[in-house]
Amino acid sequence: MSEQGEWSEPEAAASAVSAAVTPADAADAARLVAFGLQPKLQPARDQEYAELLRRYREDPPFARLADAVAAGLGLVVLEVSPRAGMAVTAAEDSVFAVRMGDYARRTAADSGDRFLHGLAHLAVAAMAFPRPEDLADDGYIGRVTVNGVDAFVRQACRRLEERADEQGMNTDPATDAPGLEAAWRIWVRRSATGATKDARRLAGSTTGIVGKAAAFLTDSGFLQRTGDDNGGTYRTTARYQLQVRDMAGSAAMAELLELGVVPVTDGTASLMPAEDTEDLELVADAGLPFHS
């Protein structure tokens, strides 16, 4: 009888916890997830959001319920904290997933631009958090500019072209070649700014593509615009740091960082000087929320 009693107690406790979950609890959990889907909303500016976050941290059954609601919507909870709120990212099969193909189709019809838009997002992430310790430090804030990201990619393209020359592979890349080997061929052939009668940059120029990426990341709560210098200046948010942490192991990002174009000594990213760069404006202080 004692053995049966030992097993019945946790079962009874689990049953009690289950019975304690009310429709109101489920509504609150769903409300918290809904707050998490509003990336620009800051917990410090919404009392209800802040209260639900506090409940999540202090009430384990409620936290499990909120996690279950998120999972049911195809969302992955990256962090729940006062600094980031309920930071979620969409799993590949989630209705909330943003596809790079859909994003690119909204920006241009050219299939080659889809590749360039993906590279722009990758470059923003690499410039914002160039070192592993930057991603690990919750207090680190990355800063990027549109012109700086474009210059970074063009500098990386030079490195890739040199590497291809050294390996005798400076021809059209094979189908199994690393993605970045193909990227520089497309990026360097595209104008940095283009030209319009009123001096606006063209949407299909490389700075136009980077600007579109930065605007999307700002709308998604990953970046905050801080000024208009150098094509637009931005700072990272806690949500973007979590997003980039989630994608930091990608082969493409690792390959881009390994090119050594962004040396960092004091936490501030800067472009390395290059030879024969009269045609580039290297700018000092110059991830991907997508599924393929």
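Which side chain does Arg-54 meet in a salt bridge? Select Arg-54 and Glu-58: their side chains form that salt bridge, at 2.5 Å from N to O. The term means a side-chain nitrogen of Lys or Arg within 4 Å of a carboxyl oxygen of Asp or Glu.

Before going on, note that this is a predicted model, in which local features need pLDDT of at least 70, side-chain atom pairs count only at pLDDT 80 or more, and totals for chains, interfaces and linings use all residues. Residues are numbered from 1 along each chain as its sequence is written, and side-chain values use heavy atoms, with hydrogens and water left out.

**Around helix H3**

Show residues 47-58 as a cartoon; this is helix H3, and both Arg-54 and Glu-58 lie in it, 4 residues apart, about one turn of the helix. Helices (H or I, at least four residues) and strands (E, at least two) are DSSP runs, numbered from the N terminus. Arg-54 is partly exposed at 30% relative accessible area, and Glu-58 is exposed at 54%. Here buried means under 20% relative accessible area, exposed over 50%, and partly exposed in between (1.4 Å probe, protein chains only).

Next select Arg-55 and Asp-59, whose side chains meet in a salt bridge of 3.7 Å, N to O. Asp-59 is partly exposed, with 25% relative accessibility.

**A link across the chain**

Move to Arg-245 and Asp-138, a salt bridge with its closest N and O atoms 2.6 Å apart. This pair joins distant parts of the chain, 107 residues apart: Arg-245 is in helix H11, and Asp-138 is in the loop between helix H7 (132-136) and strand E3 (143-145). Both partners are partly exposed, Arg-245 at 29% and Asp-138 at 43%. Then select Asp-25, Asp-28, Arg-55 and Asp-59, which salt bridges with shared partners join into one network. The whole structure has 14 salt bridges.

**The cores**

Now select Val-149, Val-153, Trp-187 and Tyr-240, the residues with the most contacts inside the largest nonpolar core, which has 32 residues. Such a core is a set of buried Ala, Val, Leu, Ile, Met, Phe, Trp, Tyr and Cys residues joined through side-chain atoms within 4.5 Å. Helices H6 (111-128), H8 (146-166), H10 (206-219) and H11 (238-247) each supply at least two of its residues. H6 gives the most to this core, 10 residues.

Center on Trp-187. Leaving aside neighbours within four places in sequence, its contacts (heavy atoms within 4.5 Å) include Leu-116, Asp-150, Arg-154, Cys-157 and Val-210. Another core, of 18 residues, lies apart from the largest one; among its members are Leu-32, Leu-53, Val-80 and Ala-97.
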